[in-house]
Amino acid sequence: METEHKDCAYCAKGALVEKFGYEICELPASTVYLFKEQSHPGRCIVASKHHVSEMLDLSEADREAFLRDVTVVANAVHKVFHPDKLNYGMYGDTGCHLHMHLVPKYRDQFEWGGTFAMDPDQKKIQDKEELERISAPLRDAILG
């Protein structure tokens, strides 16, 4: 099995991941984070518990478990934030840890009809009380 990497935000957690994410909860195959950049209300990240770069690097069982977690989070985002569309993005050119961005899109709002931006400082929320206020109903829907 792959090893954890101390310079990987998702493996190290703590200060590295807190630069851009606020932990919502743990699921069987992943950790869920609220993306602090909330220009798309409800935007979050589902990060695999395995330090791999590609979905193909997971066993079939681990890949299915990761996608089950993504589906649980997607259902929760729809329930809590009621987006018109939920976009999914998997990147990692420089941070090679499997994770998926779930980005709610709303008609007639920011970036509707286009690709979502990856600027983590655009509308970044730092206040922990505000982050928790946004995360709590999402956590309840995910773990419900």
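Does phenylalanine 35 count as buried or exposed, and at what relative accessibility?

Modeller: Happy to! Phenylalanine 35 counts as buried, at 4% relative accessibility; buried means under 20% relative accessible area, exposed over 50%, and partly exposed in between, with a 1.4 Å probe and protein chains only. A word on the ground rules: this is a predicted model, where local features need pLDDT of at least 70 and side-chain atom pairs count only at pLDDT 80 or more, while totals for chains, interfaces and linings use all residues. Residues are numbered from 1 along each chain as its sequence is written, and side-chain values use heavy atoms, leaving out hydrogens and water.

Now for the partners of that ring. A search of the whole structure turns up 3 aromatic pairs; rings of Phe, Tyr and Trp (its six-membered ring) pair if their centres lie within 6.5 Å, and planes under 30 degrees apart count as stacked, over 60 as edge-to-face and the rest as tilted. In one of them, the ring centres of tyrosine 10 and phenylalanine 20 lie 5.7 Å apart with planes at 70°, so this pair is edge-to-face. Tyrosine 10 sits in helix 1 (residues 9-12) and phenylalanine 20 in the loop between helix 2 (14-18) and strand 1 (21-26), so the pair ties together parts that are 10 residues apart in sequence. Helices here are DSSP runs of H or I with at least four residues, strands are runs of E with at least two, and both are numbered from the N terminus.

Both tyrosine 10 and phenylalanine 20 are buried. Your residue comes in next: the rings of phenylalanine 20 and phenylalanine 35 have centres 6.4 Å apart and planes at 50°, so they form a tilted pair. This pair links distant parts of the chain, with phenylalanine 20 in the loop between helix 2 and strand 1 and phenylalanine 35 in strand 2 (residues 30-35), 15 residues apart. For phenylalanine 20, the relative accessible area is 18%. Taken together, ring pairs link Tyr10, Phe20, Tyr33 and Phe35 into a cluster.

And the setting? The protein chain has 4 helices and 5 strands, which follow the pattern α-α-β-β-β-α-β-β-α along the sequence. Of its 144 residues, 47% count as buried. Another buried residue is serine 48, with a relative accessible area of 4%, which lies in strand 3 (residues 44-48). By contrast, lysine 79 counts as exposed at 59% relative accessibility, and its place is in helix 3 (residues 60-81).
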